[in-house]
Amino acid sequence: MDLAHVHLLLNHFPAIGGLIAFGLLLLGTVGNSDDLKRASLAVWLGISLLTIATYVSGNGAEEAVCKAAAAEDPCPERDVSKALIQEHESAALVAFAFMEITGALAWLGLWQLRRVRRIPGWNLTAVVLLSVTTLVLMAKASGAGGDIRHPEIRSASEKAAASPAAASEVPFARGVGSFVMRHTWIWPTCETLHFIGLCLLFGIAAVVDFRVLGMMKGAPFAALHRLLPWGVLGFGVNLVTGMLFFVADPGQYTHNVPFQWKIVLVLLAALNLLYFTIFDTPWLLESGDDAPVTAKLVAASALFLVVGVMFCGRMLPFLGDSF
Ligand code: HEM
């Protein structure tokens, strides 16, 4: 199984999962059900995480589907066009950005629901508005993905865009990539921010997980729960800077095995965070309490996963062949 298979396996989840999440949100709002709203926010969060893997597997699919180096070159395979693939990549990048913002606000809603027992109106309104925008953009990106292999569903303008001669404009994603590459200050700035984000994420994960494992027993979990948004901010900074690296030079990451492991571990670590955000078990820990075994297992695995993410990131040039 190569990355094209992975991409084909994942690529309908963002649009379909988004529709399900949106439906749950509508039902929850109309029926005034906190459970349905919570389910919707959890689905948005899960889908936004899965979209990271969907996006980064896309460039691997591109290499498998078309070996041409530039948009003007014809793909060796009949009816496939590099220009259409890059149009799809650009639509996917915009949809991806909106999906991640929706996921972040969904997480904030879940955090507030746990903390103050209700989702503030502004948060719900923002998630509804972003959901609609994300769904429209995702449908557009998915449609452009379908066009790549299906000439029979291409519109007249897409047929024109598919001709190599028409590919004179730089598509958005490639424009972002070359902007990062052309300005030499962007890469080191992103590296610095990536390390700051990592420190924030690891620092918060360490405090929360070590408390659950039995250290600093004087601190009640509710006090530590307040810190979680800082950890999520660290994750957000790393996602933005990491995606800038990836979009600038996808070729050096897609086939890099530590990078692939890094993405898997990031997704698992983020799911772990969901446990500490919404589940009752850790929340019930008062000052002096010992956590149940399940919570300790989750805390230990969270530490292992975060260290694994850092290890794979550091090993990109050593166990893999980046840089
Ligand atoms: C938000 C992220 C993305 C989504 C939701 C998405 C969605 C899709 C969909 C729905 C298809 C059509 C599958 C079919 O024909 O049944 C597709 C195909 C494809 N996508 Fe993406 N995509 C994403 C990101 C990317 C990126 C970043 C690239 C890189 C250029 C890419 C490259 C491709 C390629 C080459 C195909 C054709 C695969 C084949 O038919 O073998 N995708 N994508």
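Helices here are DSSP runs, H or I, of at least four residues, numbered from the N terminus.

Quick housekeeping. This is a predicted model, where local features need pLDDT of at least 70 and side-chain atom pairs count only at pLDDT 80 or more, while totals for chains, interfaces and linings use all residues. Residues are numbered from 1 along each chain as its sequence is written, and side-chain values use heavy atoms, with hydrogens and water left out.

Okay, on to the metal. Which protein atoms are donors to the iron atom of the ligand? They're NE2 of H7 and NE2 of H88, at 2.0 to 2.1 Å. A donor is an N, O or S atom within 2.8 Å of the metal, or 3.2 Å for Na, K and Ca, and since water is not among the atoms, sites may look incomplete. Those two histidines come from distant parts of the chain: H7 is in helix α1 (residues 3-10) and H88 is in helix α4 (residues 82-116), 81 residues apart.

And why call the site octahedral? Because the six donor atoms around the iron subtend angles of 87 to 180 degrees. For six donors, the test is that opposite ones are over 155 degrees apart and all others between 65 and 115. Ideal octahedral angles, for reference, are 90 or 180 degrees.

Are these histidines buried or exposed? H7 is buried, at 12% relative accessible area, and H88 is buried too, at 16%. Buried means under 20%, exposed over 50%, and partly exposed in between, using a 1.4 Å probe and protein chains only.

Now the polar contacts, meaning pairs of N or O atoms within 3.5 Å. A polar side-chain atom of R149 sits 3.1 Å from an oxygen atom of the ligand.

N123, in helix α5, has a relative accessible area of 0%, and a polar atom of the N123 side chain lies 3.4 Å from the backbone oxygen of L105. Q112, over in helix α4, is buried at 14%. Between Q112 and T277 there are 9.1 Å, C-alpha to C-alpha, though they're 165 residues apart in sequence.

Conventions: Tetrahedral: all angles 85-135°; square planar, octahedral: opposite > 155°, others 65-115°. Polar contact = N/O pair within 3.5 Å; in protein donor to acceptor, adjacent residues only side chain to side chain.
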